[in-house]
Amino acid sequence: MDYKQISSDFAKRTKTLIECYQGDSEVTLLLNCCLGLLVVPKEKDFEKIPLDVIPETGDLWGLSRETVSVKCKECSYVLRDVIRKIRNGICHFNIRSIPNEDNQIEFLEIKDKGGFVAKLSVDQLKKLAFSLTDHVYKP
């Protein structure tokens, strides 16, 4: 397996793993892959993550002000900051799963220090990871 540009190739191959997966462990796979899809851009290409602000209404990359709570002093709704906080929560495994009535994981609550909380559906987390990968490592 040849990696010409390890960060970009890794992110693209990880995204492909999620897209092609068909099994009962979708959320586990997504969280494992988010370690790469959120960590690599944050650590290697942080300046490529936009400084766009999550809008008052609607969403940006699957994130909305309804799903993200920024009550800490150093927190903001700037996409780059929110991604950093979500990355921290996942890396430190400050994650709580919230099941639906069929006991399937419907939401993931991801926390970081200072009062940051993101409550994302599985699809929202996937959209965030894919949007970040597509933006930072444009095809």
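Where is the place of Asp112? Asp112 sits in strand β3, which covers residues 105–112; helices (H or I, at least four residues) and strands (E, at least two) are DSSP runs numbered from the N terminus.

A word on the model first. This is a predicted model, in which local features need pLDDT of at least 70 and side-chain atom pairs count only at pLDDT 80 or more, while totals for chains, interfaces and linings use all residues. Residues are numbered from 1 along each chain as its sequence is written, and side-chain values use heavy atoms, with hydrogens and water left out.

Asp112 is buried, with a relative accessible area of 10% (buried means under 20%, exposed over 50%, partly exposed in between, with a 1.4 Å probe and protein chains only). Not counting residues up to four places away in sequence, Asp112 touches Lys85 and Asn88, where contact means heavy atoms within 4.5 Å.

| Feature | Value |
|---|---|
| Angle between α1 and α4 | about 150 degrees |
| Distance between the axes of α1 and α4 | 10 Å |

Axes are lines fitted to C-alpha atoms, for helices over the stretch in contact, and angles run from 0 to 180 degrees between N-to-C directions. Where they meet, α1 brings Ala11, Lys12, Lys15, Ile18 and Glu19, and α4 brings Lys126, Phe130, Thr133 and Asp134.
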